[in-house]
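This briefing goes through a structure for a reader who is new to it. The sequence and the structure come first, followed by notes grouped by topic.

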Amino acid sequence: MEKIVLPEIKDMHLIDVYLANGGYSSVKKAFNQTPDDIIDQVKKSGLRGRGGAAFSAGLKWSFMPKSTTKPKYLCVNGDESEPGSFKDRQILEHNPHQLIEGILITCYAIGAKIAYVYIRGEYHKFINFFSKALNDAYEHGFVGDAMREKFGTDFTCQIYIHKGAGAYICGEESSLMNSIEGKRAYPRVKPPFPAQYGLWGCPTTINNVETITNVPPIIANGWEWFAKIGEPKHPGTILFGVSGHVNKPGVYELPTGTLLTELIYNYAGGVPGNKKILCVIPGGSSMPPLRGDQLEEIKMDAESLKAAGSAIGTGGVMVMDEDTDLVKVLTRITKFYYHESCGQCTPCREGTGWMLKILNRILSGSGSSNDLDLLISVANNIEGNTVCALGDAAAWPVKYMIERFRDYFETRVNTVTKLPIANKVHSLRKSVIPL
Amino acid sequence: MEFKFTTESLEKINAVLNRYPTKQAALMPVLWIAQEQNGWISNEVMQETAKILEINPEEVLGVVTFYTMYFKKPMGKHHIQVCTNVSCMFRGAYEIYEGVKKKLGIDNMETTSDRKFSLEEVECMGACGNAPMIAINEEYFENISSEKVNKIIEDLEKSA
Ligand SMILES: Cc1cc2nc3c(=O)[nH]c(=O)nc-3n(C[C@H](O)[C@H](O)[C@H](O)COP(=O)(O)O)c2cc1C
Ligand code: SF4
Ligand code: FES
């Protein structure tokens, strides 16, 4: 199968190799067309965002106002902090020039003269890789003022790296903009949407690193070509990151619509010790977990996963074998959201804390069936009642894991409470945080 | 302790200021430059940063405390970060975390008395496919085990 985002070409990260393989010819082609043509092609290609919400990229670009006196901006989201996600770093390391070329085309299409690439602070190494490539692109005249001469166009564009400093919430697009502005990274209430009121109140588009990296091949090969790959409603390939209990964890670029079981068993090498799968989270820790005995025929694309009761998210597939302690898993996931809540909204700030407390109680052996209902009720009170989707991200794993594994959780709250007192104390001491 | 940006840092700051339409937007990069020079973000660093960027010290404090990677106190020479999020947890992250704690005799966010090591339990670092992992300062160590971590720490102990 053809690889679009991570082609199997040795040393593709080097500008000479990238050029030898047709690099920076898509942007030339784009400059010979109008921005509207480019937006139209990307729209027709069916490219959808790879950062979580799978929103049409072309449609998002078309929201940018055509006539405005304000500067316009592009933000490239490389915050990649969703647990289970480790794919954008592959692009920064192995195919940075295709990302840069994609940024140039996107900026041209939306009329932005400045692009900020927001990369999480922990990614020092990957920031360095990308920064090296960016310097080379500048030196070759592909980026910056020299573009005028290089391409013979009036359009020029600057690309800057903005380094994060350790906060999951900065991946949320409005928080990311506040972070770039040098403010506390609180998410903003929407509307107004970024295309109307983004960076410094100016029209702004935010796209994920992988989304943008798909753009040059679409321009080079035509939207018809892209639209035919994978599932018609969500075409292209996705960088699936498989982690957890599999023999060969890693990133696999596969067409959308690939079977989840195929991904786990054929590509990621199956489960160590041939154990059964208890649970799979298909798109990063925020997405509703799926039962291991209900994975047959589930396809990996936005529509199919929605129908299966989950979501594609960032394509981070987390596999848990039959011996996994789901209470521990859910507690750890909830601890993450509790830690990362920015504290702006009461339901998210307090609710994540309550859920963590209740889960710790269950983990320590003093939970009851009522606690399970209580957890679902707290989750329901967070979901949909907050400024940003972190609230939902915290609520979904709790709500759906308990609903879908009620049998499992019931035995946990029952068996553990039936243990003799001595054992209870023992298990309490052993398993209250740290897990 | 008094804090002044070095000439080298000031040059970097000037370069950074060119990238943004407002001075405030340079706050995160300037804090990175400050941390590189000073090792951590002290009150004096915040005062000086606020002065240079012409913003309130409160705003600087608000940003510094929002992020985990700006240190609010001096950390060890080798800052060990252990990811314990789920994909790493599935592959033994807590055993590693407990092992490091025991070996160094420190808890989360503490520093050894010789200031050589500090420890932090961190959230997912984007290395789940090579779990478990730790990072020491800016460097990732992926696909590790308790033995490997012990060896890494022992090597660092020897290397002054
Ligand atoms: C809490 C939270 C964290 C997010 N983290 C990321 C992230 O790390 N990377 C990313 O690309 N998108 C992230 N998103 C989604 C962004 O808000 C935004 O939808 C996305 O970057 C848009 O790009 P796309 O349309 O190309 O997918 C996050 C959203 C939320 C609510
Ligand atoms: S939902 Fe949570 S993270 Fe999002 S703005 Fe509200 S408090 Fe902050
Ligand atoms: S869970 Fe440890 S790196 Fe992702």
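How many disulfides does the structure hold over all chains? The structure holds zero disulfides over all chains, a disulfide being a pair of cysteine sulfur atoms within 2.5 Å. This is a predicted model, in which local features need pLDDT of at least 70 and side-chain atom pairs count only at pLDDT 80 or more, while totals for chains, interfaces and linings use all residues. Residues are numbered from 1 along each chain as its sequence is written, chains are lettered from A and ligands numbered from 1 in the order in which they are written, and side-chain values use heavy atoms, with hydrogens and water left out.

**Confidence**

- The model has an ipTM of 0.98 and a pTM of 0.96.
- For chain B the average pLDDT is 97, and 99% of the residues score at least 70; pLDDT is the predictor's confidence in each residue, from 0 to 100.
- Where pLDDT is low, the predicted coordinates should not be read in detail.

**Cysteines**

- A disulfide is a covalent bond between the sulfur atoms of two cysteines.
- B:Cys83 is buried at a relative accessible area of 2%, and B:Cys88 is buried at 3%. Buried means under 20% relative accessible area, exposed over 50%, and partly exposed in between, with a 1.4 Å probe and protein chains only.

**Salt bridges**

- Over all chains there are 36 salt bridges, each a side-chain nitrogen of Lys or Arg within 4 Å of a carboxyl oxygen of Asp or Glu.
- A:Arg48 and A:Glu303 form one of them, with the closest N and O atoms 3.0 Å apart. This pair links distant parts of the chain, 255 residues apart: A:Arg48 is in the loop between helix H3 (35-45) and helix H4 (57-62) of chain A, and A:Glu303 is in helix H14 (residues 302-307) of chain A. Helices (H or I, at least four residues) and strands (E, at least two) are DSSP runs, numbered from the N terminus.
- A:Arg48 is buried at 16% relative accessibility, whereas A:Glu303 is partly exposed at 31%.
- A:Arg332 and B:Glu123 also meet in a salt bridge, at 3.0 Å from N to O. A:Arg332 lies in helix H15 (residues 326-340) of chain A and B:Glu123 in the loop between strand E2 (117-122) and strand E3 (134-136) of chain B, so this pair joins two chains.
- A:Arg332 is buried at 0% relative accessibility, and B:Glu123 is buried at 12%.
- In chain B, the closest N and O atoms of the salt bridge between B:Asp155 and B:Lys151 are 2.8 Å apart. Both residues belong to helix H7 (residues 146-158) of chain B and are four residues apart, about one turn of the helix.
- B:Asp155 is partly exposed at 34%, as is B:Lys151 at 49%.
- A:Arg50, A:Lys87, A:Asp88 and A:Glu210 are joined into one network by salt bridges that share partners.

**A sheet in chain A**

- Four strands of chain A form an open sheet in the order E3-E2-E1-E4, with parallel pairing; two strands pair if DSSP finds at least two bridges between them.
- Strand E3 (158-163) and strand E4 (204-208) of chain A are the edge strands, each pairing on one side only.
- On average, neighbouring strands of this sheet are turned by 20 degrees against each other, direction ignored. Axes are lines fitted to C-alpha atoms, for helices over the stretch in contact, and angles run from 0 to 180 degrees between N-to-C directions.
- Six bridges connect strand E1 (residues 73-78) and strand E2 (residues 114-119) of chain A in the parallel sense. A:Val76 stands opposite A:Val117 in E2(A).
- Helix H6 (residues 96-110) of chain A packs on the sheet and touches E1, E2, E3 and E4 of chain A, its direction making about 150 degrees with that of E1(A). Contact means heavy atoms within 4.5 Å.

**A helix in chain B**

- In helix H4 (residues 57-66) of chain B, the buried residues are B:Val60, B:Gly62, B:Val63, B:Val64 and B:Phe66.
- These buried residues of H4(B) pack against helix H2 (27-38) and helix H3 (43-53) of chain B.

**Backbone exceptions**

- Most residues other than glycine have a negative phi, and most peptide bonds are trans.
- The peptide bond from A:Lys190 to A:Pro191 is cis, with omega near -5 degrees; A:Pro191 is in the loop between helix H9 (173-180) and E4 of chain A.
- A:Glu297 is not a glycine, yet its phi is positive, near 70 degrees. A:Glu297 is exposed, at 61% relative accessibility.
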